[in-house]
Amino acid sequence: MSGPGTRIGLFGGSFDPIHNGHILPVLAAHQELGLDVVHYLPTACPPHKPHGTKAPALARNTMVELALLPYPELVVSDAELDLRRSVYTIETVERYAAEFPDARLHLLLGVDSFNELPGWRRFGELIEAVKLVVLARPGERGLDPEVRSSVERARGYVLIRHRSVDVSSSDIRRRLARGADVSGDLMPEPVLRYCRKYGLYR
């Protein structure tokens with residue numbers, strides 16, 4: 001999908017594993033902003049996680065594929081699935097801008113990631129290249145005023161308030177490690193079956 005004016009969302013992460021908190025807010029942003037498609041970008045070597053991930057990159061990519069099967073508007077990209085090195089967000093954005101020159105790129109991220117943006121590689125170029133979409137839980141702590149000011153002087157941002165999903169990847173990993181119940185309210189059932197079949201996080 002690459003016609004003139006196409007609105008493409010980019011949503012990166014380690015997805016270790018993917019859960020409903022990675023899906024429902026993105027669906028809300030997709031609908032509210034009229035995005036044509038959102039590309040999930042599983043990261044093989046997350047630059048902000050020096051200790052790496054718990055599950056292998058290709059397994060995490062497969063879990064994202066399984067999770068997004070019901071949603072044609074959400075697709076998986078291998079743009080950051082480089083097993084040799086970390087791929088930085090600005091590199092991904094430049095790749096998309098070259099491949100889809102007429103598209104309007106939106107970078108989706110959570111409040112914590114927004115507040116950490118000045119530490120990201122080529123921060124100034126990044127906020128000039130994309131429209132930022134901040135996915136915020138109701139009652140979540142606010143955006144850093146200095147970061148917000150910098151972003152507003154560039155392309156700006158949109159704040160999407162979404163229904164809170166009380167789940168985290170680390171919590172799911174702990175549950176799976178001790179054999180505790182993980183309900184379908186927390187993560188897609190095919191992803192849970194995949195984790196159990198291959199003994200991930202045990």
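Reply: In strand β2, histidine 39 is the bridge partner of leucine 10, and this belongs to a set of six bridges that join β1 to β2 (residues 37-42), the two strands running parallel. Strands are taken as paired if DSSP finds at least two bridges between them, while helices (H or I, at least four residues) and strands (E, at least two) are DSSP runs numbered from the N terminus. Between β1 and β2 the chain passes through helix α1 (residues 24-33), and this β-α-β crossover is right-handed, a term that applies if, with the strands pointing away from the viewer, the path from the first strand over the helix to the second runs clockwise. Strand β1 (residues 7-13) is also joined by four bridges to strand β4 (residues 104-110), again in parallel, and there isoleucine 8 has leucine 105 as its bridge partner.

Before the side chains, a note on the basis: this is a predicted model, in which local features need pLDDT of at least 70 and side-chain atom pairs count only at pLDDT 80 or more, whereas totals for chains, interfaces and linings use all residues. Residues are numbered from 1 along each chain as its sequence is written, and side-chain values use heavy atoms, with hydrogens and water left out.

The structure holds six aromatic pairs, where rings of Phe, Tyr and Trp (its six-membered ring) pair if their centres lie within 6.5 Å, with planes under 30 degrees apart counted as stacked, over 60 as edge-to-face and the rest as tilted. The rings of phenylalanine 11 and tyrosine 40 have centres 5.2 Å apart and planes at 90 degrees, so this pair is edge-to-face. Because phenylalanine 11 lies in strand β1 and tyrosine 40 in strand β2, the pair ties together parts that are 29 residues apart in sequence. Phenylalanine 11 is buried, at a relative accessible area of 8%, and tyrosine 40 is buried as well, at 0%; buried means under 20% relative accessible area, exposed over 50% and partly exposed in between, with a 1.4 Å probe and protein chains only. Ring pairs also link Phe11, Phe15 and Tyr40 into a cluster.

Turning to charged side chains, arginine 121 lies over the face of tyrosine 88, at 3.8 Å from the ring centre; a charge sits over a ring if NZ of Lys or CZ of Arg is within 6 Å of the ring centre and within 35 degrees of the ring normal. A search of the whole structure finds eight salt bridges, each being a side-chain nitrogen of Lys or Arg within 4 Å of a carboxyl oxygen of Asp or Glu.

One of them joins arginine 122 to glutamate 94, with the closest N and O atoms 2.4 Å apart. This pair links distant parts of the chain, since arginine 122 is in the loop between α4 (111-115) and α5 (123-129) and glutamate 94 is in helix α3 (residues 89-99), 28 residues apart. Arginine 122 is partly exposed, with a relative accessible area of 33%, and glutamate 94 likewise counts as partly exposed, at 39% relative accessibility. Glu94, Arg122 and Glu125 are linked in a network of salt bridges. Another salt bridge is formed by arginine 85 and glutamate 91, whose closest N and O atoms are 3.3 Å apart.
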